Amino acid sequence: MEAVGGSSGAMYECLLFDMDDTLYPLSLGINLACRRNIEEFMLHHLHIEESQVPRMCLELYREYGTTMAGLKALGYEFDNDEFHAFVHGRLPYELLKPDPILRNLLHSMPQRKIIFTNGDEAHAAQVLRRLGLEDCFHGVICFETLNPPVGLGSDGMDEGQTENVQTQILCKPSVQAMEAAIAVANVDPEKTLFFDDSVRNIASGKAAGLHTVIVGRETLVPGADYALSSIHNIREALPEIWEEEEEHLEPIIQPAAVETVVLA
């Protein structure tokens, strides 16, 4: 993707946001509902022994970044879209309510703003719509961005290489996923601020050269430059996001609607 605007002396030129449990609190229960759906998929679609499912789900998440990535790595075969439809399509999205405070904060930030989520495109669209934030971002980097369908952009790839694409999922917290997102967004990591609720993702983001903000904690974690107890505390904790704009530029009036695109 072509970068918006040229190089400037601004401290930050892009803000990269995780979505789930970052733009809304973990306490809503979406994460727990998602884990239950994953366990049901493992039980009913992959026919994994019921007594093994909870432990296996957690261990794969810890080792591979997502349970889905772990299942693929172990050789389980299933359609990615079917998995996402089962796991995300049945979530209690009604728990997510419009957040006008966050919406106003995002619209007031002069930098490019991009979502970076392990979730699929449909899930990202649903969450942003429910929160009333669908026009607050310049793009979305999601599952499909880093894991395009087999055959797209793979001319000349032999069968062995195709199988490798199918079974290896690129996702946070791998540094490779971070670097891929940076490349897709076409940003300078030294001028990019990365917000995430995951300690592992923050460490990987720092390893990839990003400035990092752990969300949902009051104290710093390894690799974090800033800590936010809530995403709503951005202005108090990071006034420099606005300072450059206030000192050197005329006020920007945010358009009423900005098309959000999936970056690929």
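Me: What makes strand β2 (residues 112–116) mostly covered?

Reply: This is a predicted model, in which local features need pLDDT of at least 70, side-chain atom pairs count only at pLDDT 80 or more, and totals for chains, interfaces and linings use all residues. Residues are numbered from 1 along each chain as its sequence is written, and side-chain values use heavy atoms, without hydrogens and water. Buried means under 20% relative accessible area (1.4 Å probe, protein chains only), and five of the five residues of β2 are buried. Arg112, Ile114 and Phe116 point one way, Lys113 and Ile115 the other way. Strands are DSSP runs of E, at least two residues long, and helices are runs of H or I of at least four, numbered from the N terminus.

Me: How do you know that β2 pairs with strand β3 (residues 139–141)?

Reply: Pairing requires at least two bridges found by DSSP; β2 and β3 have three, in the parallel sense, with Ile114 opposite Gly139.

Me: Why is helix α1 (residues 30–44) called oblique to helix α4 (residues 80–87)?

Reply: Their axes, lines fitted to C-alpha atoms over the stretch in contact, with angles from 0 to 180 degrees between N-to-C directions, cross at roughly 130 degrees and come within 8 Å. Angles under 35 degrees count as roughly parallel, over 145 as roughly antiparallel, 65 to 115 as roughly perpendicular and the rest as oblique; therefore α1 is oblique to α4.

Me: Which residues of α4 make the contact?

Reply: Glu82, Phe83, Phe86 and Val87 of α4 meet Cys34, Asn37, Ile38, Glu40 and Phe41 of α1, where contact means heavy atoms within 4.5 Å.

Notes. Buried < 20%, exposed > 50% of the residue type's maximum accessible area, 1.4 Å probe, protein only.
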